[in-house]
Amino acid sequence: MPMRLVVDLNKCQGYAQCAFLAPDVFTMHGEETLVYSPWADEEQREKVARAVAACPVQAITADGLDGAGDRSTGAAQGASDAR
Amino acid sequence: MPAEEFHEWLRREGRIVVVGASLAGLRAAETLRAEGFAGSLTMIGDEPYQPYDRPPLSKAVLLGKASPDHTELPRRRDIDATWRLGVAATGLDLAAKRVRLADGDEVPYDRLLIATGVRARPWPKEEEAQLDGVFVLRTRDDAVRLHRRLKAAPRRVFVIGAGFTGSEIASACRDQGIAVSVAERADGPLVGALGGVIGAVAAELHRDNGVDLRTGVMVTGLEGDSVGRVRAAHLSDGSVVETDVVVVSLGATRNTDWLTGSGLGAGPRGIACDAGCRAFDFRGIVTDDVFVAGDVARSPHPLFGYQFLSLEHWGNAVAQAEVAAHNMISPSSDRRPHMWVPAFWSSQFGVNIKSIGVPSMGDEIMITQGSLAERRFVGVYGYQGRIIAAVSFDNTRWLEFYERQIEMGAPFPVEYPTVDRRPEGRKPVPADFPDPSLPTHGPTVTLSGYSPSDRRLVFTPARH
């Protein structure tokens, strides 16, 4: 199944790590503008996972890759955990 | 039931209804579950799609880097919700705590979140708006239609309105070698959001990229041919532009019509709420079971003189949804204020434009880093002796610094040295925003009765 992903472009500072690690999904347009595909094929999963991990400002959210911390967050901890 | 017990019950088996199944609605639902809400959750959305992301529709999709059908948002977690998609909410009964749906159903709630967002403002002349080839761009369906037409090699695209969306559409067209004209009532693109100083830079950006930019003009009419296809646009300066695609980018209208008569303080400018996202009713009394988040909300911000801000910003939708969701299931002592500093981005003609704070409140601007001529700079806006906002063109890494300055109420003009300060940036200049005394379309409230015991508020909904 393809992966859905989104980049918080308020956070993104154009470090271009993602464009280097998963060039079929993330590309730079101009000096610091990121253009990405919000829908990546399953075969891109490994590369997208690396991009998510490498992003210096942690701006990328993708299905089943991030938020492991959120997932294990219990009700009691949730209040202080939510941003 | 004491408040603490009530909230325990609410978290365990309450019924929460979210109207609006887009970014804010989804992130709120995820936050509710993350914070331990175990009751029933219903998501109501008028579009027949799972929550999808809108910014790519005017950027990656038009550039051919993404499909308009596939911008669905990834999930932070499973939300275990009942989805009512493709069915609009048509009414709200505050007393009975029920949402009415277009199919006649009624959905009861203990807590309601309204996140119905905005819709594109259509071309006001209905007959012309119906012409084949006239588009708006807000929804996935809009994007599919426009994308298909742009792929069919139009001779010229005509964009009405050079705000962010209009400029991004023009940029995408030029990127693909499509001839494009842009008509803007103000003296430059982005003037309403960023002022005339920045608007002049944006105008150069358009022209250098081959856009036929026409400023200080209004579109007086769209002309169709004998089979109902758009053929030309007529402008207030008497000129006529032949075109086969018109994109109307005149901003957005808040989706509050369904709340008319509900008693909620909702109108064309949005739904007023307190800093904790609780909606006001039209009497100005805050409700305790109706919450608001995202583009449709107007909430007071302490950093900006407690003005009620309506923000059509992606980041605001996320942040406000998280606060609203938390507060919906928390007793008052645990509630949090929504104090997000406004921030947005746009990319056009290969330039990354970002802003922080509320530029339109600024009366002066100074270019503290870089230069306008190079289109790589940071501009800082001042209001009453303090920094109120900043904008960057291809200089995003500095914005976080200015965000802190805004939060601290740092003094303006900026006296301290900055990296890459040029002579042009030593003195503030007028930010040159258009006259804010535009006609307002707010609903009116009148008082009747003479003694406190028989005074009544009468609410007159605005004409849209």
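Predicted model: local features only at pLDDT ≥ 70, side-chain atom pairs only at ≥ 80, totals over all residues.
A salt bridge here is a side-chain nitrogen of Lys or Arg within 4 Å of a carboxyl oxygen of Asp or Glu. Residues are numbered from 1 along each chain as its sequence is written, chains are lettered from A in the order in which they are written, and side-chain values use heavy atoms, with hydrogens and water left out.

**View 1. The salt bridge between B:Arg375 and B:Asp208.** The closest N and O atoms of this pair sit 2.5 Å apart. Between domain 2 (126-250) and domain 3 (350-430) of chain B, the salt-bridge count is two. Domain bounds come from an automatic or database domain assignment.

**View 2. Where domain 2 of chain B meets domain 3 of chain B.** Eleven residues of domain 2 are in contact with 14 of domain 3 (heavy atoms within 4.5 Å). About 1000 Å² is buried between these two domains, with 73% from carbon and sulfur atoms; buried area is the accessible area (1.4 Å probe) that two parts lose on being put together, summed over both. The domain centres, taken over C-alpha atoms, are 30 Å apart.

**View 3. Confidence along chain A.** Chain A averages a pLDDT of 81, and 78% of its residues score at least 70. Over residues 67-83 of chain A the pLDDT is below 50, yet this stretch has 23 contacts in the model beyond near neighbours in sequence.

Notes: pLDDT = per-residue confidence, 0-100.
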